[in-house]
Amino acid sequence: MNDTNLETKRKKLRFRAWHRGIREADLLLGGFADQWLDRLDAGALERFETLLETPDPVLFDWICGRVEVPGDARSDVLDLLLEFHKSTTRRHAPQ
């Protein structure tokens, strides 16, 4: 995939991440996209796209630790998202 195609894919994924329909998901996935998409290679972008297919309630269960992430859903991109959530939660936690 050439640089132009990668940039187009990043723009589409960023839009999808910011327009989930649930504001909390928009903030989490959109914020993640803003921070990470420019650093992801073509394979990681594909894994992020797959992650975006996951329904919000399922994602929130994984992120909050209510449900263990199934092995077939686990990826480096999901791990980055989980770390991103932890870091933003710590930053915004009451002191």
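Reader: Where do K86 and E83 lie?

Author: Both are in helix 5 (residues 76–92), three residues apart, which is about one turn of the helix. Helices here are DSSP runs of H or I with at least four residues, numbered from the N terminus. K86 and E83 form a salt bridge, with the closest N and O atoms 3.5 Å apart. By salt bridge I mean a side-chain nitrogen of Lys or Arg within 4 Å of a carboxyl oxygen of Asp or Glu.

Reader: What kind of model is this, and how are residues numbered?

Author: It's a predicted model: local features need pLDDT of at least 70, side-chain atom pairs count only at pLDDT 80 or more, and totals for chains, interfaces and linings use all residues. Residues are numbered from 1 along each chain as its sequence is written, and side-chain values use heavy atoms, with hydrogens and water left out.

Reader: What does D56 form a salt bridge with?

Author: With R20, and the closest N and O atoms are 2.5 Å apart. D56 lies in helix 4 (residues 56–64) and R20 in the loop between helix 1 and helix 2, so this pair ties together parts 36 residues apart in sequence. D56 counts as buried, at 9% relative accessibility.

Reader: What else is R20 in contact with?

Author: Leaving aside neighbours within four places in sequence, R20 is in contact with A25, D26, L29, L52, T54, P55, D56 and L59. Contact means heavy atoms within 4.5 Å. The C-alpha atoms of R20 and L52 are separated by 8.7 Å, though the two residues are 32 apart along the chain.

Reader: And which residues are linked in a network of salt bridges?

Author: K9, R16, E46, E49 and E53. E53 lies in the loop between helix 3 and helix 4 and is exposed, with a relative accessible area of 55%. E53 and R16 are 37 residues apart along the chain, and their C-alpha atoms are separated by 10.0 Å.

Reader: Switching topic. At what angle do helix 1 and helix 2 pack?

Author: About 155°, with the axes 7 Å apart; helix 2 covers residues 23–36. Axes are lines fitted to C-alpha atoms, for helices over the stretch in contact, and angles run from 0 to 180 degrees between N-to-C directions. The two helices are therefore roughly antiparallel to each other. On this scale, angles under 35 degrees are roughly parallel, over 145 roughly antiparallel, 65 to 115 roughly perpendicular, and the rest oblique.

Reader: Which residues make the contact?

Author: R14, A17 and W18 from helix 1, and R23, A25, D26, L27, L29, G30, G31, A33 and D34 from helix 2. By class, that contact has six nonpolar, two polar and four charged residues. Ala, Val, Leu, Ile, Met, Phe, Trp, Tyr, Cys and Pro count as nonpolar, Asp, Glu, Lys and Arg as charged, and the others, Gly among them, as polar.

Reader: Last one. What's up with R10, buried or exposed?

Author: R10 is buried yet has no salt bridge. The nearest side chain of opposite charge is E7, 4.1 Å away. For charge, Lys and Arg count as positive and Asp and Glu as negative, while His and the chain ends are not counted. Apart from neighbours within four places in sequence, R10 is in contact with L37, D38, L40 and L45.

Reader: And E7 itself?

Author: E7 counts as partly exposed, at 32% relative accessibility. E7 and D38 are 31 residues apart in sequence and 8.2 Å apart in space, C-alpha to C-alpha.

Notes
Buried means under 20% relative accessible area, exposed over 50%, partly exposed in between (1.4 Å probe, protein chains only).
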